[in-house]
Amino acid sequence: MVVGFPEDILADIDTLVQEGNLCRSELIREACSFYLEEKRKSHLRERMKAGYQEMAEINRVLAEEIGCDFDGVPRCGEVSIPGSDTSEQTSGWRKT
C-alpha cells in the first residue's frame, strides 16, 4: 500500500515517530486503528440514539393509553373503604 501525505502532515508524522520511538508504519497502523475504533463507537452511539428515540415514542403512546385506563381506579396511596363513598389518603408516590 502506498499512501501520499502533504509535506506538513508528513513533518508532523516524523515528529511523532521520533518522539514515540516508532517507525512510520507503526504510527500509521495505530492511527488507523484508533480512527476505525472511533468510527465504530460513533456508529454504535447513533444506533443507540435512534433506538432510544424509537422507544421513547413507544413508551409515550403506551403511557397515554395506560393513563386513560386510570379513571376511576384507585391510585397508589389511595385506599378505598368498602361500603363508603370516600377514600382514605395514605402517603403514596403518585400525585392524584
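## Helix α1

The expected span of a helix is 1.5 Å times one less than its number of residues. Helices are DSSP runs of H or I, at least four residues long, numbered from the N terminus. This is a predicted model: local features need pLDDT of at least 70, side-chain atom pairs count only at pLDDT 80 or more, and totals for chains, interfaces and linings use all residues. Residues are numbered from 1 along each chain as its sequence is written, and side-chain values use heavy atoms, with hydrogens and water left out.

Helix α1 covers residues 7–20, 14 residues in total. N21 follows α1 and has a positive phi, near 50°.

The structure holds five salt bridges (a side-chain nitrogen of Lys or Arg within 4 Å of a carboxyl oxygen of Asp or Glu). One of them joins R24 and D14, at 2.8 Å from N to O. R24 sits in helix α2 (residues 24–68) and D14 in helix α1, 10 residues apart.

## Pairs within α2

E37 bridges to R40, with the closest N and O atoms 3.2 Å apart. The two are three residues apart in α2, about one helical turn. E37 is partly exposed at 35%; R40 is exposed at 52%.

E57 bridges to R60 at 2.5 Å between the closest N and O atoms. These two also lie three residues apart in α2. E57, R60 and E64 are linked in a salt-bridge network.

Conventions:
Buried means under 20% relative accessible area, exposed over 50%, partly exposed in between (1.4 Å probe, protein chains only).
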